[in-house]
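Please read it alongside the sequence and the structure shown here.

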Amino acid sequence: MQMNDVDPGKSPGLAEVLALPNEQLVGNRIEGVDGTLVMGPAPTALHQQWLQRLQLAVVPALPKGSEVFPGVAVRCGESRLLIPDFVIVTCPDVATTWYPASEVLLVAEIESPSTRVQDRIFKKALYAEARIPYYLLVDPEQEAATVYALSDGDYLPHAKSEGGVLTLAEPFPAELDLRG
């Protein structure tokens, strides 16, 4: 069975997203949560600049056998399909359009005024429930970031940036410069 072999009829949320015509998906972020479609705007140029900067900083530090992918869908349980800004997966050689949460080491969200509440509360809770080990939340306005680690089913702050620099020991050693 391939990773994407799933009976969408048994997976509300996933089924709705997969059933959408491609022209509705272009330029939008459409996620499925428990049978509800959640649509967000396409990322702005500033958001994309942050995304690129973070990816370039993370890639050299990645552990062997992992890969970073921007805008890839993550299946969080039977009825949720979320699209983080980027993911670090532990099975990079699998050809897929979405990854199961069990293959994701870290999800990252870059806040914007239109996604702040979703990223800080809603998506953070859904990723924790899906048992994704690490969650990186970046606040470009403050040039700040926090990495949360999963502990007893909830995310706890694991590392916070200081002076615009986030230094990580886990999930892998890295230094992310958040200063514009």
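Is I121 buried or exposed?

## A nonpolar surface patch

The model is a predicted one, and in it I121 belongs to helix 4. I121 counts as exposed because its relative accessibility is 57%, and the cut-off for that class is over 50%. Together with V117 and F122, I121 forms a nonpolar patch on the surface, and the accessible area of these three residues together is about 290 Å².

## The largest pocket

The largest pocket holds about 480 Å³ of space. Its lining is made up of 26 residues, of which H47, I110, S112, S114 and T115 are the closest to the centre of the pocket. Two or more lining residues come from each of strand 1 (28-33), strand 2 (36-41), helix 3 (45-58), strand 8 (104-110) and helix 4 (116-129), and strand 2 gives the largest share, with four residues.

What does a search of the whole structure find in the way of cavities of 30 Å³ or more? The search finds one such cavity, and the volume of the largest cavity is about 40 Å³.

The residues that line the largest cavity are V58, F86, I88, L106, L136, L168, F172 and L176.

Technical notes
Residues are numbered from 1 along each chain as its sequence is written. This is a predicted model: local features need pLDDT of at least 70, side-chain atom pairs count only at pLDDT 80 or more; totals for chains, interfaces and linings use all residues. Side-chain values use heavy atoms; hydrogens and water are left out. On a 1 Å grid over the protein atoms alone, a cavity is a set of points where a 1.4 Å probe fits but cannot get out, and a pocket is an open set with protein on both sides within 12 Å along at least five of seven lines; lining residues have an atom within 4 Å of a point. Grid points are joined across faces, edges and corners, and a volume is the space filled by probe spheres set on the points. Patches are made of residues with over 30% relative accessible area and no salt bridge: like charges are joined within 9 Å, nonpolar side chains (Val, Leu, Ile, Met, Phe, Trp, Tyr) within 5 Å. Accessible areas come from the Shrake-Rupley method with a 1.4 Å probe; for residues, only the protein chains shown count as cover. A salt bridge is a side-chain nitrogen of Lys or Arg within 4 Å of a carboxyl oxygen of Asp or Glu. Buried means under 20% relative accessible area, exposed over 50%, partly exposed in between (1.4 Å probe, protein chains only).
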